[in-house]
Amino acid sequence: MGRGKIEIKRIENVNNRVVTFSKRRNGLVKKAKEITVLCDAKVAVIVFASNGKMTDYCCPSMDLGAMLDQYQKLSGKKLWDAKHENLNNEIDMIKKENDSLQLELRHLKGEDIQSLNLKNLMAVEHGVEHGLDKVRDHQMEFLMTKRRNEKMMVVENRQLSFQLQQQEMAIASNARGMMMRDHDAQFGHCSSPSRRFHFHSQKRSEAASPLKRSYIEEEMTIKPAVRISDGNLIIKNRTILTGLPDNVITTSASEAGPVEGVFVGAVFDTEQSNHIVPIGKLHDSRFMSCFRFKLWWMAQRMGELGRDIPLETQFLLTESNDGSHLEPDGVDGDETNQKLYTVFLPLIEGSFRSCLQGNVNDEVELCLESGDADTKTSSCTHSLYIHAGTDPFKTITDAIHAVKLHLKSFRQRHEKKLPGIVDYFGWCTWDAFYQEVTQEGVEEGLKSLTAGDTPPKFVIIDDGWQSVENDDDNPVENPVFRLTGIKENAKFKNKDDGIKNIVDIAKQKHGLKYVYVWHAITGYWGGVRPGEEYGSSMKYPMVSKGVVENEPTWKTDVMAVQGLGLVNPKNVYRFYNELHSYLAAAGVDGVKVDVQCILETLGGGLGGRVELTRQYHQALDSSVAKNFPDNGCIACMSHNTDALYCSKQAAVIRASDDFYPRDPVSHTIHIASVAYNSVFLGEFMVPDWDMFHSVHPAAEYHASARAISGGPIYVSDAPGKHNFDLLRKLVLPDGSILRARLPGRPTRDCLFTDPARDGVSLLKMWNMNKYTGVLGVYNCQGAAWSSTERKNIFHQTKTDCITGSIRGRDVHLISEASTDLATWNGDCAVYSQSRGELSVMPYNVSLPISLKIREHEIFTVSPICHLATTDGVSFAPLGLVNMYNSGGAIEGLRYDAEKMKVVMEVKGCGKFGAYSSVKPSRCLVESSEIAFEYDVSSGLVTFELEKMPSEAKRLHVVEVQLWNLSL
């Protein structure tokens, strides 16, 4: 009897359905295995039971993912959405990047280098040298940290010794008192004058002991560094803000790490996209603020009242009126004797960005804005961070570090890879050609500049190389141009090579190491033309109220009127990657990314200004990391905290508004702005103080400032217009520079004076080399940004000449340049670069200086080492004294007191100088004796290093043998 035909329909009985599923599932998998083996077919089976349990099989010769990809390809059906495809592409990209990095790592180890050509071998060699420099710098930082710790231990030992001595005196005094009481009890009171005096003396000692014990007990009592009391914000027992409103809330910063600070926020009645809340009044202090006077740029402003705090303040530093500068270490370590510095950092929180401003009631106001009408909030908790300490520069660094731990969205300067351009001299095409730059013009400029003995080693091809067009359908008088493609325009096309041709000429013919090109963060000033492949659409900038108040011209700005083509944020990584990979393939090493602050005005409908900025900067960081291994990126027109707190990659940032060669009001303003902006910006990146002209009435004024900036140095000279005598004070014959190690910043006593407006203050700026400090003094009076006219203007000054003073300790970290921190007594040798004069300055002794408007002076400050105290033998190196930052030439320093000699490693060539209290017996370079001159009156020793050190050695070994003539 045959089997009946089973009707194919759902089995209603649950038990039967389960049994049937189990049998047929097993049969299906068995058949799949059989067809795989018998027919060499590629088979995959995925079965889901009614209870959700999955059974799957895939043939051994192909994984399931590959099979699904093949199905998608052959059937034309889309299995994955765009998001998954982008993730898959990103994974492939990361795999390729990892393979590339692994290969690069093998090359750096000296493996698999047989296939490399000369250009690639040179790149590997540079990478090894750069890494070696970084290792040496890290070693130096380690040694500096060790010296700081040693100093702290010495100070702590002194304090503990003092406390121990006081306790021993108190114990001895108590013992004497007990003996006196025993004696009086046995013999009665003594009435002699001497005994009476001793008794009262002992009573004074006893009276002091409880105070000391009270002080020690107070030190041992743990009090919160930050607290709210009676509506006042108190930090380190100093009142910082008074009259905090009830809706202002504070959160301890301890969650962000081992720091002392407080986050500030507020609760509001309604949800809005903008909020303004007063947070109290500044108490008994003066301030320095960095505020945006333009959408793109910050400047400094000083004051004492809350109403003086400008709109769009992004950084605020206050100094208490009580306390003294004259006791930097305090008395017995007691911080109440010192000035207290408080840092206010408006932050980004979620989709909101904050800033500060003052009001007519002298209150400090916290302003929050999302930049999108649909992105609202009714509360914030971490929109402002406040931190205080007694060292202004350390307090700022600690505050930024605490914010970094909290936000986890950016990195600090010392954590980033510095691009190679910062250590070389360069040329930018902007002021030479503006947008009329051509390939021929670039070559002419390089040829002209390399003709001298200060050859450029990098070039920035600025605006003018890209393919752009205006809107044909909307003819206007001043049209906005938009990007039409990622490749170069006709001016830079050369057969099939394109921009690669000028890159090859620059590197192979003129010996440049790096070529950078310019582009806007949105592609071009007017963005990318809508309708192109990156999903660009028209957006019209909506500028913050504070920015419009400070820069009223935005109301009629061409970008605000004609709009900007914004690449869809989902496509912006692809846009950057395709642009940068094209440039990298042509040999370009990096990009100057301009117009960055425009993103904050375009967040409407896209989640707000912070969210849009975050997406763009993450894409930019990823593309730069992938395509430019040297981290070749300069951030420009980017002075908003939206960008600063979202950037992890860029390590160089333009520090101020442009160098304007034809605007006489701008030059003193420029120097003051870069110095004060670097106080804040220098915590995130290396500040770039911009290009300048070597042939210009203010050329030396600008050049000397660039030398102590700690950033890149480059000019924008037109071809044939160069002052090589000036450039030789900046550049060595191999194109390298003597770069200082930190961002140049105002000295401690200049942080709260106004060198542009008050008519009485000079600007002093300091920086550090490995074994010396450098101090620049500038008269920047006579011009400043006007809060009434909303632009830079000249203003009257009481006198054309201002007198100030300098001290060795104006270089804030000068003690770190000493080779023996424990024995250095603070004496410094101070060398005037322009006058060629050497002075010996004991600790805290000042030297007067008088300067007219737009005059300057540079001083090299070197700690004096006393090799033989009894014989008065002292020495301090100065470096290449004909260069602005002479001490930057000293890479190594060792004192041998036993043999009475000093051994130095020196970079470069030229006239070398040092201070010596006695005439040296001889001087040697590479073990060969050379002639030297000695000035008995000043102790200045000079000799010539006639040529650059060999490439193999890189540094001269200089030995000075000392001999005390009195012997």
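Reader: Which residues does E312 touch, not counting residues up to four places away in sequence?
Author: E312 touches C290, F291, R292, R353, C355, L356, S544, G546, V547 and N550, where contact means heavy atoms within 4.5 Å. This is a predicted model, where local features need pLDDT of at least 70, side-chain atom pairs count only at pLDDT 80 or more, and totals for chains, interfaces and linings use all residues. Residues are numbered from 1 along each chain as its sequence is written, and side-chain values use heavy atoms, with hydrogens and water left out.

Reader: Ok, is E312 buried or exposed?
Author: E312 counts as buried because its relative accessibility is 3%; buried means under 20% relative accessible area, with a 1.4 Å probe and protein chains only.

Reader: And what does its side chain make a polar contact with?
Author: The side chain of R353, at 2.9 Å. A polar contact is a pair of N or O atoms within 3.5 Å; within protein, one must be able to donate a hydrogen and the other to accept it, and residues adjacent in sequence count only if both atoms are side-chain atoms.

Reader: Switching to helix 6, what caps its N-terminal end?
Author: D391 does, with a side-chain oxygen 3.1 Å from the backbone nitrogen of F393. Helices here are DSSP runs (H or I, at least four residues), numbered from the N terminus.

Reader: Which residues are buried in helix 6?
Author: P392, F393, T395, I396, A399, I400, A402, V403, K404 and L407.

Reader: And what follows helix 6?
Author: K408, whose phi is positive, near 60°.

Key. Buried < 20%, exposed > 50% of the residue type's maximum accessible area, 1.4 Å probe, protein only. Helix = DSSP H or I, 4+ residues; strand = E, 2+ residues; numbered from the N terminus.
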